[in-house]
Each structure stands twice: as C-alpha cells, then as structure tokens.
4 protein chains.
Amino acid sequence: MHEPETPTIATETQVMFFDTDCAGVVHNIAYLRFIEVARTLLAEQLGMGLVGMSERGVYPVVVRTEIDYKRPAKLGDKLVVHGRLESIERSRFWITFEVKRPSDDALIVQSRQMLCVIEMPQARPVALPKDWNTRFPHLKRVRNQTLPVSTVRPSQV
Amino acid sequence: MHEPETPTIATETQVMFFDTDCAGVVHNIAYLRFIEVARTLLAEQLGMGLVGMSERGVYPVVVRTEIDYKRPAKLGDKLVVHGRLESIERSRFWITFEVKRPSDDALIVQSRQMLCVIEMPQARPVALPKDWNTRFPHLKRVRNQTLPVSTVRPSQV
Amino acid sequence: MHEPETPTIATETQVMFFDTDCAGVVHNIAYLRFIEVARTLLAEQLGMGLVGMSERGVYPVVVRTEIDYKRPAKLGDKLVVHGRLESIERSRFWITFEVKRPSDDALIVQSRQMLCVIEMPQARPVALPKDWNTRFPHLKRVRNQTLPVSTVRPSQV
Amino acid sequence: MHEPETPTIATETQVMFFDTDCAGVVHNIAYLRFIEVARTLLAEQLGMGLVGMSERGVYPVVVRTEIDYKRPAKLGDKLVVHGRLESIERSRFWITFEVKRPSDDALIVQSRQMLCVIEMPQARPVALPKDWNTRFPHLKRVRNQTLPVSTVRPSQV
C-alpha cells in the first residue's frame, strides 16, 4: 500500500515596489498576500473554488495564522510559495507554507494557517467535505491534538 | 445673501511602514487609502453613512480618479487630507482632495474623484438625494460640462 | 518606411479575496496594484529593470494617475492588463493601460500614468535615456502639449 | 514595592471599504495594518520612534506573528487595538494585541508579535536598549523559555 496523496501547490511571484517598505525589504504584511494566492489555488484543487463558493455564499476563512520571517526578500526577487495541506479535523484544516527564493535557495518565510469553512451572512461553520476523510486519512487529527513540536513552532531566528 | 455651504472634511494620518516603499517614500497607492478615509467621512456627512448604506445594499463607488503626486512624504510624517465636495450632477458628484504636511506646509498630493451611487448586486446607478439640489445649488453642473482648466488639471510637477 | 516599435506589455492576474471589498466587487485601489505589475514589466523592457535601478538609487516614479472604472470585476475573474508606452517628453513619459476580462471581452478599467525618473535620496529628476528619442520618435511630445481629447479623457460611464 | 510599569497602547480605527472583502467582513490581512499602527506607537513610547530610527538606519522588524481571528468585524465598525509589551529577551521582544469592538465589547482578534531591532542595509541584529532591563525587570525572559500556555495559544474558536 502506498501513502495517499497530500495536496500541494507552488505559486510564483515577483516582488514589486508595493510589496516593499522603506527599510528596503519586503514588508511583513505583503507575504500574506503571496500566501493567499497559494492558499486560494490549493483550495480550488481541494474543491473549494473561488467562484463556486462565493456563489453559494460559503467561504474558507482563516482562523489562525502563524508566520516566521527568516530572511528578507528584496525588490525584484522572484519567490515561490510552496503550500501543503497539513492536517484536517472535522470542521477545520491547517495549511503550511514556505516562501523560498530559488536564485539562492533561501528560505524566506514559513507559515501555517488554520481555516474553517463558513456560510455567510450568518458566519455559521460548515463541516468539511465528507470525501476528505477517505482522500486524506493520513492527515486526520483530533481537535486540539498536539502536533509535533517541530510543526507547531518552526525554528527561530 | 450668503454663499450656501460647501461640505468639507479634514482627516489626519501618520505615515506607517506599510505606506512606504523601498525608494524611501510613501508609495503612490497608499495615498488612495488616505483619501478613502476622508471621502468616507465626507460621504457620511452628506448622508451616505457606511453602515446605513451597506445595510441597504447601496454604495458610493469611485468612477474616476485623478491624482497628482507633487512632493514625497516619508515615514512618520503627519499628513492631513482635506476633502471638499466640488460639484454635483444628476447622478454623479466630484470630490477634490489635497494631502498636506502641516510641519512644513508642503502640498504632497492633489486629487479629484468622481463618484456615483449604485445599488448592489445589480450595480444599478441610483439618483443622488433630491435635497442636494437645494443644499448645494452653487455646485450643480450639467453632465460633461467643462470645468475651469485650473480645476481639471492641477499644476504640473 | 514602417512605423517604429511601440513598447507594449500584457500581464495576467486572477482576482483574490484581498482585491475585493464588501460591495462584492474589486476595490478601486486594487487595480492600481494590477497596473503596477504591468508597468514594472514594461519599464524593464524599456531598460529600467527593478533590480538594476534600485541598486543605482534611481527609480521611475508615478507623477500622475488617471483611472476610469468602467465595469466591476469579481472574485475569481481572470483579468489581463494591457500596457503601452503612449508618449515621451524630455524627462517624463506616459503609459496607458486597459484592464480587460477575456471571458466576456469586457473593458473593466482604463488608466494613464505619467512617470519620471528620479535619483534618491535627493529626489532629483533624471533625463530619460537618450536612445528613446531614436527608438520612439513617433511618441515624442513637447511638454504640456495637448493630447487628442479622446486620449485625455476616456469615454465616461 | 509596586510592580514596575508595563508599557501599553490603545489605538482606534474605523473599518473602511478597503479593509473588507467580498465575504462581507474585514479581510484577515487588514488587521495586521491595524496592529502595525498600535505597534508603531508603542515602539515610539519605548524610545524607538519612526523618524529617529529610520534616520539612523535601524528598524524594529517583525520576526514572528501569531494571530487568531475570533469574530468578524464589518464595514463602519469602530475598533480599538490594545497593545502591551509582553516580554523582553536580550535582543528580541514580544508584544501582544487584542482588537476589540467597544459597541458590543466583542473580542475580534488576538495576536502576538516577536520583534527584533536590525541595522540596515546589513540586516544585522542590534541589542535592545540597556535601560529596558531596569525599566521592565518583570518582563525579562530567557531565550526560548516556555511561556505559560494561556499566553502562547489564545483560546480557540
């Protein structure tokens, strides 16, 4: 038996002026836009496409973000965001991200986000698709189960 | 007889890191956030309050922006945005803005925006409030009427 | 004799949540990020690459923006920004942009930006590259020369 | 003997259109701008004023952000960001934030950020001001010392 699939995504971006600040490097908030692009395309791959969801009034929402800034990126840098479905619970899931700069193989940013799916405008949480349990059995977690330390807290600066 | 009122607003902001870029000055897009704050408060004063409008599904939308960047502002600068209702038509109106830096009285940015009011989700234009004609008779313009050159095109760099 | 080249660019983007606002459509400021991406790549094509310029402390800066919002775009829309070098003066140049939605061929936004090149931190204007005069003779304008009306003011909503 | 001072800050903001997204609520990234304003003013109070620092080429930089989204905020909401210096190490410090909506006393967002001070353009870390040890002895932590669980992980949704 082989390991079941783990959904991943990789998206590219180039640092623009509006991503930087006057310290000469990419502003900390800009990485969250880069990550949102990767997250959105990964969600689409998981059956949560932007258009379909918004038409039904359901949206994946970020419930928690953890982000570690490891090295600065600069104007013009070409970056790749790698996203991976990390774990799933009954109504929530975690995605991990790494932002890398292929030119020197630098790890720029590590991040994890917990998401749930809500129905608007009531903001009512919706259960995750049932087939996720059979598609991703290796990623199932019980709520609030402790994750390995290395996952919870990426290495520090 | 005195001139009828011309609605104005003045809002203050301090330049944050996220407003600047790696050229060391405020990024051109950031000023449009500063201006949106002033515009929103001026709209509220005109009876188009954020909360009430969004509950009714009607929104003032920007149809055109003209903005001239006169002098750079920097991290930590305290700026004031002065907004003024410039003219009104049947279903559209113009607001003018000046962003100034009181510490040296510098004019940083000049801008004008044309707005109309639309009903969502159909995006259908809505007529301006009827009492605007009596409140602001001195600001009435016929559609596409040419404005004085000095108003259309602020002085150049 | 044939017409000399006119530099153009086309960049693609997909509308993300962070591009939209609670009126359900793309926020007016977001288009200026889309346009900056196109402008940056067009500038690179013109010999003003991001990396090289910032290392020399010279930057193309936006001196004026005009932007007309023609139709709303929505979450998930795939948009194309078409940029074109419109005219050049001694130390300034204009670029025009159209944001289109290929799926229904809708024109979403029209814009023009005037740029100059400055040397930081003194913010001193720098003359445009000399070879632009020979490469783009058909785009030369005398300062403040009136452009055809259709160019100055795109058709209104 | 009384407890030494713990620096705190409270800043107000009103939710603008550009802070929201098409799910009808404040976008997750927007809160990080709200928090940056509070952080910047708290840093100023701690002797790290924006202007002075950028002139010396030293900047406080965010090394890690943790943020929990507890309840949605909406267009027009008036929010208060409460910031507090949580702990200090030799060259890093943590600030905690709560974003609240006074109108219904709702807790909207909880966040913590770890910062260090770096000297640009080398991106070299700089030791924290020496007087912090005597001003804030109750906040001193040894590097990587485990914090009480309630501080590390705010209550979940």
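Reader: Which conventions and pLDDT limits apply here?

Author: Residues are numbered from 1 along each chain as its sequence is written, while chains are lettered from A and ligands numbered from 1 in the order in which they are written. The model is predicted, so local features need pLDDT of at least 70 and side-chain atom pairs count only at pLDDT 80 or more, whereas totals for chains, interfaces and linings use all residues.

Reader: How many residues of chain C are in contact with chain B?

Author: On chain C there are 24 residues in contact with 24 residues of chain B. Contact requires that the C-beta atoms of two residues, placed from the backbone, lie within 7 Å.

Reader: Which elements of chain C supply that side?

Author: α1 (30-45) and β2 (58-69) of chain C each supply at least two residues, and β2(C) gives the most, with nine residues. Helices (H or I, at least four residues) and strands (E, at least two) are DSSP runs, numbered from the N terminus.

Reader: And what is the division into nonpolar, polar and charged?

Author: The side of chain C that touches chain B has 14 nonpolar, six polar and four charged residues. Ala, Val, Leu, Ile, Met, Phe, Trp, Tyr, Cys and Pro count as nonpolar, Asp, Glu, Lys and Arg as charged, and the others, Gly among them, as polar.

Reader: How many bridges join β2 of chain B to β2(C)?

Author: Five bridges join these antiparallel strands, and E66(B) has E66(C) as its bridge partner. Strands pair if DSSP finds at least two bridges between them.

Reader: What rotation superposes chain C on chain B?

Author: A rotation of 180° with 0.0 Å of shift along its axis does so, at an RMSD of 0.0 Å. The two copies are thus related as by a two-fold rotation axis. The superposition is by least squares on the C-alpha atoms of residues with pLDDT of at least 70 in both copies.

Reader: Which residue of chain C comes closest to the axis?

Author: That is E66(C), with its C-alpha at 2.3 Å. The same surface serves both copies, as 100% of the contact residues of chain C recur in chain B.

Reader: Turning to chain D, how many of its residues are in contact with chain C?

Author: Nine residues of chain D are in contact with ten residues of chain C. The side belonging to chain D has five nonpolar, three polar and one charged residues.

Reader: Why is strand β2 of chain D described as largely enclosed?

Author: Eleven of the twelve residues of this strand (58-69) are buried, so the rest of the structure largely encloses it. A residue is buried if 20 or more other C-beta atoms lie within 10 Å of its own, exposed if 12 or fewer, and partly exposed in between, with C-beta atoms placed from the backbone.

Reader: What does β2(D) pair with?

Author: Within chain D, β2(D) pairs with β5 (106-119) in the antiparallel sense over eleven bridges, where E66(D) stands opposite R112(D). Five bridges also join β2 of chain A to β2(D), and these strands run antiparallel; I67(A) stands opposite T65(D).

Reader: Which residues touch the most other members of the largest nonpolar core?

Author: Among its 184 residues, they are Y31(A), Y31(B), Y31(C) and Y31(D). Such a core is a set of buried Ala, Val, Leu, Ile, Met, Phe, Trp, Tyr and Cys residues joined through C-beta atoms within 7 Å. Not counting residues up to four places away in sequence, Y31(D) touches V26(D), I67(D), V99(D) and V109(D).
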